[in-house]
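Notebook open. My notes follow.

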Amino acid sequence: AATFQEFLAVRVSLGNGLLAVAFLTACRLLCEHCGLYRSQRFGRRGRLYGQILRAVSMTALLLGLLAAGFRIEAFTWRFLALYWGASLVGIAASRAGLYRGLEAWRGRGHNLRFVLIAGAGPRGERFARELESRPELGYRVVGFLDDDVRKHGNRIHGTPVLGGRARLAEVLQAYRVREVLVAISDPPGELLQHVQRCCEPRGVNWKVVTAGITAL
């Protein structure tokens, strides 16, 4: 039979385990808050490393608060500094390696995301050319939508104009579109509401293009 001291030791171990689970859960939420679980295809590496720095610093601060609140003597300032440095280097290096591998994989035509551009004007055309020049991003433009009927059926640098915005829902389904980019200067609210109504129930991401790829 277990002694009373052994029973207390089990309780302490369970308490430590619960504390560890709570800390790991909080770490995940902090990383999510800092944007580490969002798609980084369009993201600049500098912005990614800034997100990592914020997330690691916040988790180190949380660990310090837990150490002070629960009087955990093993978590000294030296330990916290080592945790911060090792976590920062480890996460940054692993993410850099992961993204380099994914970019090489996408450059060979794998793991593609099909994109529809709303707006066949100069802004939409310029953005389509940028995507075509960056195969490592893994995006393929399936076509444009534009309400100018004179453009319907035409091709812009080989990419077809598939019709007006009324065809948005139909095109999303027919071409397995995963991203819609609104490339129109000062898009009217009615258009954005229409895009939102068509995209969100289907789990399709959408953005308003204001500049080049690196600004998204």
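I began with a definition: a salt bridge is a side-chain nitrogen of Lys or Arg within 4 Å of a carboxyl oxygen of Asp or Glu. The model is predicted, so local features need pLDDT of at least 70 and side-chain atom pairs count only at pLDDT 80 or more, while totals for chains, interfaces and linings use all residues. Residues are numbered from 1 along each chain as its sequence is written, and side-chain values use heavy atoms, with hydrogens and water left out.

**Entry 1. Salt bridges**

I looked up the total and found 10 salt bridges. I took a few pairs in turn.

Lys-151 and Asp-146 came up, with N to O at 3.6 Å. I then checked how covered each partner is. My cut-offs: buried is under 20% relative accessible area, exposed is over 50%, and partly exposed is in between (1.4 Å probe, protein chains only). Asp-146 is buried at 15%. Lys-151 is partly exposed at 26%.

Next was Arg-165 with Glu-190, where the closest N and O atoms are 3.5 Å apart. Why does this pair tie together parts that are apart in sequence? Arg-165 sits in the loop between β4 (159-160) and α5 (168-174), and Glu-190 sits in helix α6 (residues 189-199), so the pair joins parts 25 residues apart. For these labels, helices (H or I, at least four residues) and strands (E, at least two) are DSSP runs, numbered from the N terminus. Arg-165 is partly exposed at 26%. Glu-190 is exposed at 54%.

Then I took Glu-179 and Lys-207, with closest N and O atoms 2.4 Å apart. This pair links distant parts of the chain, 28 residues apart: Glu-179 is in strand β5 (residues 179-182) and Lys-207 is in strand β6 (residues 205-208). Is Glu-179 buried or exposed? Glu-179 is buried, with a relative accessible area of 1%. Lys-207 is partly exposed at 28%. I also noted a network of salt bridges that links Arg-113, Glu-179 and Lys-207.

**Entry 2. Strand pairing**

I count two strands as paired if DSSP finds at least two bridges between them. I stayed with β5 and β6, which pair in the parallel sense over 4 bridges. Leu-181 has Lys-207 in β6 as its bridge partner. The chain gets from β5 to β6 through α6, and this β-α-β crossover is right-handed. The test for that: with the strands pointing away from the viewer, the path from the first strand over the helix to the second runs clockwise.

Strand β1 (residues 113-118) was next. How many of its residues are buried? In β1, 5 of the 6 residues are buried, and the strand is mostly covered. β1 runs parallel to β5, joined by 4 bridges. Ala-118 has Val-182 as its bridge partner in β5. β1 also pairs in the parallel sense with strand β2 (residues 139-145), over 6 bridges. There, Ile-117 has Phe-144 as its partner in β2. β1, helix α4 (residues 122-132) and β2 make up a right-handed β-α-β unit.

**Entry 3. Second largest pocket**

I worked on a 1 Å grid over the protein atoms alone, where a pocket is an open set of points with protein on both sides within 12 Å along at least five of seven lines, and lining residues have an atom within 4 Å of a point. Grid points are joined across faces, edges and corners, and a volume is the space filled by probe spheres set on the points.

The second largest pocket holds about 210 Å³. Its lining has 10 residues, and Asn-16, Leu-19, Ala-20, Ile-72 and Phe-75 lie nearest its centre. α1 (4-33) and α2 (45-70) each supply at least two lining residues. α1 gives the most, with 5.

What kinds of residue make up the lining? I sorted Ala, Val, Leu, Ile, Met, Phe, Trp, Tyr, Cys and Pro as nonpolar, Asp, Glu, Lys and Arg as charged, and the others, Gly among them, as polar. The lining divides into 8 nonpolar, 2 polar and no charged residues.

**Entry 4. Positive phi**

I looked up two residues other than glycine. His-157 has a positive phi, near 55 degrees. His-157 lies in the loop between β3 (155-156) and β4, and is exposed at 51%. Asp-186 has a positive phi of about 50 degrees. Asp-186 is in the loop between β5 and α6, and is exposed at 73%.

Technical notes: 1 Å grid on protein atoms, 1.4 Å probe; cavity = no way out; pocket = protein on both sides within 12 Å on 5 of 7 lines; lining within 4 Å.
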